[in-house]
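Student: I should like to work through this chain step by step. May we begin with the backbone and then move on to the packing and the overall shape?

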Amino acid sequence: MTSITIDLSDSQYQKLQDLAEVHGIAIEVLLRASLDDWLNLQKGDFVNTADYVLMKNAELYRRLA
(Lines give C-alpha, C1' and ligand atoms only; values in the text may rest on other atoms or scores of the structure.)
Protein backbone atom coordinates (compact mmCIF):
# COMPACT_ATOMS: atom_id res chain seq x y z
CA MET A 1 0.00 0.00 0.00
CA THR A 2 1.24 3.47 -0.84
CA SER A 3 0.87 6.51 1.38
CA ILE A 4 0.37 10.08 0.23
CA THR A 5 0.89 13.20 2.31
CA ILE A 6 -0.96 16.38 1.42
CA ASP A 7 -1.05 19.82 2.97
CA LEU A 8 -4.45 21.09 4.09
CA SER A 9 -5.47 24.40 5.49
CA ASP A 10 -6.80 24.39 9.02
CA SER A 11 -10.31 25.03 7.72
CA GLN A 12 -10.10 22.13 5.24
CA TYR A 13 -8.92 19.80 7.96
CA GLN A 14 -11.70 20.96 10.27
CA LYS A 15 -14.32 20.34 7.58
CA LEU A 16 -12.97 16.83 7.02
CA GLN A 17 -12.89 16.17 10.73
CA ASP A 18 -16.48 17.39 11.15
CA LEU A 19 -17.73 15.32 8.22
CA ALA A 20 -15.98 12.19 9.44
CA GLU A 21 -17.38 12.73 12.91
CA VAL A 22 -20.93 13.08 11.56
CA HIS A 23 -20.55 9.69 9.88
CA GLY A 24 -18.74 8.14 12.84
CA ILE A 25 -15.64 7.20 10.87
CA ALA A 26 -11.98 8.15 10.82
CA ILE A 27 -10.83 10.89 8.44
CA GLU A 28 -8.66 8.36 6.61
CA VAL A 29 -11.68 6.11 5.97
CA LEU A 30 -13.70 9.09 4.73
CA LEU A 31 -10.94 10.17 2.36
CA ARG A 32 -10.32 6.64 1.07
CA ALA A 33 -14.04 6.13 0.35
CA SER A 34 -14.31 9.56 -1.29
CA LEU A 35 -11.27 8.88 -3.46
CA ASP A 36 -12.64 5.47 -4.50
CA ASP A 37 -15.95 7.09 -5.47
CA TRP A 38 -14.19 9.84 -7.43
CA LEU A 39 -11.95 7.40 -9.29
CA ASN A 40 -14.88 5.16 -10.19
CA LEU A 41 -16.89 8.16 -11.37
CA GLN A 42 -14.01 9.27 -13.60
CA LYS A 43 -13.79 5.79 -15.09
CA GLY A 44 -17.54 5.77 -15.69
CA ASP A 45 -17.38 9.16 -17.39
CA PHE A 46 -14.60 7.94 -19.68
CA VAL A 47 -16.49 4.77 -20.58
CA ASN A 48 -19.66 6.76 -21.28
CA THR A 49 -17.76 9.21 -23.49
CA ALA A 50 -15.99 6.42 -25.36
CA ASP A 51 -19.30 4.62 -25.93
CA TYR A 52 -20.84 7.84 -27.26
CA VAL A 53 -17.97 8.47 -29.68
CA LEU A 54 -18.01 4.87 -30.92
CA MET A 55 -21.77 4.93 -31.43
CA LYS A 56 -21.69 8.34 -33.11
CA ASN A 57 -18.96 7.23 -35.52
CA ALA A 58 -20.17 3.64 -36.04
CA GLU A 59 -21.13 4.25 -39.68
CA LEU A 60 -17.74 5.79 -40.44
CA TYR A 61 -15.94 2.88 -38.76
CA ARG A 62 -18.10 0.41 -40.75
CA ARG A 63 -17.16 2.12 -44.04
CA LEU A 64 -13.49 2.19 -43.17
CA ALA A 65 -13.43 -1.52 -42.26
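Student: Which residue takes a positive phi just after α1?

Tutor: The model is a predicted one. Helix α1 covers residues 10-23, and the position in question lies just after α1. With a phi of about 70°, the residue is Gly 24.

Student: What span should α1 have, and how far apart are its end C-alpha atoms?

Tutor: Helix α1 has 14 residues, and at 1.5 Å a residue these should span 20 Å. The model agrees with this expectation, since the end C-alpha atoms of α1 are apart by 20 Å.

Student: How is α1 oriented relative to α2: roughly parallel or roughly perpendicular?

Tutor: Helix α1 packs with α2 (residues 27-56), their axes being 9 Å apart. The angle between them is about 95°. Angles from 65 to 115 degrees count as roughly perpendicular, so α1 is to α2 roughly perpendicular.

Student: Which residues of α2 make the contact with α1, and how many charged residues does the contact have?

Tutor: From α1 come Tyr 13, Leu 16, Gln 17, Leu 19 and Ala 20, and from α2 come Ile 27, Leu 30 and Leu 31. By class, seven residues of the contact are nonpolar and one is polar.

Student: Is the chain a compact globule or more spread out?

Tutor: The chain has three helices and zero strands. Its radius of gyration is 20 Å, well over the 11 Å that the globule rule gives for 65 residues. The chain is therefore, compared with a compact globule, more spread out.

Key
Residues numbered from 1 in each chain as written. Predicted model: local features only at pLDDT ≥ 70, side-chain atom pairs only at ≥ 80, totals over all residues. Heavy atoms only, no water. Axes fitted to C-alpha atoms, helices over the stretch in contact; angles between N-to-C directions. Helix = DSSP H or I, 4+ residues; strand = E, 2+ residues; numbered from the N terminus. Parallel < 35°, antiparallel > 145°, perpendicular 65-115°, else oblique. Contact = heavy atoms within 4.5 Å. Nonpolar A, V, L, I, M, F, W, Y, C, P; charged D, E, K, R; others polar. Expected span 1.5 Å × (residues − 1). Rg over C-alpha atoms; globule rule 2.2 N^0.38 Å.
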